Amino acid sequence: MTDQEGLEPAPERRFTLEEAEALLPDLRESIDRMQEARQTLPRTADHVQAALAGNGGGAGPKAYSEAADTLKADVERISELGIILRDVESGLVDFPSDRDGREVYLCWRLGEDHIGFWHPPDTGIAGRQPL
């Protein structure tokens, strides 16, 4: 037992290539939303500061809040699925998987049509190898 409640930590989810591929359409939409939200945050930050200082700020605080909420919700949802979000800007994600009896990551980046690469956990994207 590993915690005060006596529960074992949940095992890390492992994806087959087919399972990971099936998630790509939704993942593309999520990453697009997150990228848009990340662009909104700096554009609206000055408006938020002005509103906090009592100088108005217009719709900035609402846009900032909505962008932050969107980013948080998508990051949490992806994480809950067991997908590892490596970089929002490039849309880089890893899917924990097994290959020849060892743990690997199926590696995908926004803009790629399909998952075509894998790498060992300790190498990162630099160790990407074709499937």
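D26 is partly exposed, with a relative accessible area of 34% (buried means under 20%, exposed over 50% and partly exposed in between, using a 1.4 Å probe and protein chains only). The side chains of D26 and R77 meet in a salt bridge, 2.8 Å from N to O (a salt bridge is a side-chain nitrogen of Lys or Arg within 4 Å of a carboxyl oxygen of Asp or Glu). D26 sits in helix α1 and R77 in helix α2, so this pair ties together parts of the chain that are 51 residues apart in sequence.

This is a predicted model, in which local features need pLDDT of at least 70, side-chain atom pairs count only at pLDDT 80 or more, and totals for chains, interfaces and linings use all residues. Residues are numbered from 1 along each chain as its sequence is written, and side-chain values use heavy atoms, leaving out hydrogens and water.

## The overall plan

Let's step back to the whole chain. There are two helices and five strands, and from the N terminus on they run α-α-β-β-β-β-β (helices are DSSP runs of H or I with at least four residues, strands are runs of E with at least two, and both are numbered from the N terminus). Of the 131 residues in the chain, 31% are buried.

The five strands form an open sheet in the order β1-β2-β3-β4-β5, with antiparallel pairing (two strands pair if DSSP finds at least two bridges between them). At the edges are β1 (84-87) and β5 (129-130), each of which pairs on one side only.

## Where β1 meets β2

Strands β1 and β2 (residues 92-99) are joined by three bridges in the antiparallel sense. D87 stands opposite L92, while L85 has V93 as its bridge partner. The hairpin has four residues between these strands, and G91 takes a positive phi near 70° there.

How many salt bridges does the structure hold? There are ten. One of them joins R38 and E89, whose closest N and O atoms are 2.6 Å apart. This pair links helix α1 with the loop between β1 and β2, again across 51 residues. R38 is partly exposed at 38%, and so is E89 at 42%.

R86 and D94 also meet through their side chains, at 2.8 Å from N to O.

## The nonpolar core

The largest nonpolar core has 20 residues, and L27, I83, V93, F95, W108 and I115 have the most contacts inside it (such a core is a set of buried Ala, Val, Leu, Ile, Met, Phe, Trp, Tyr and Cys residues joined through side-chain atoms within 4.5 Å). Helix α1 gives the largest share, seven residues. Beyond its neighbours within four places in sequence, I83 is in contact with F15, L23, L27, I78, V93, D94 and F95 (contact means heavy atoms within 4.5 Å).

S30 lies in helix α1 and is buried, with a relative accessible area of 0%. With the neighbours within four places left aside, T40 is in contact with A63 and A67.
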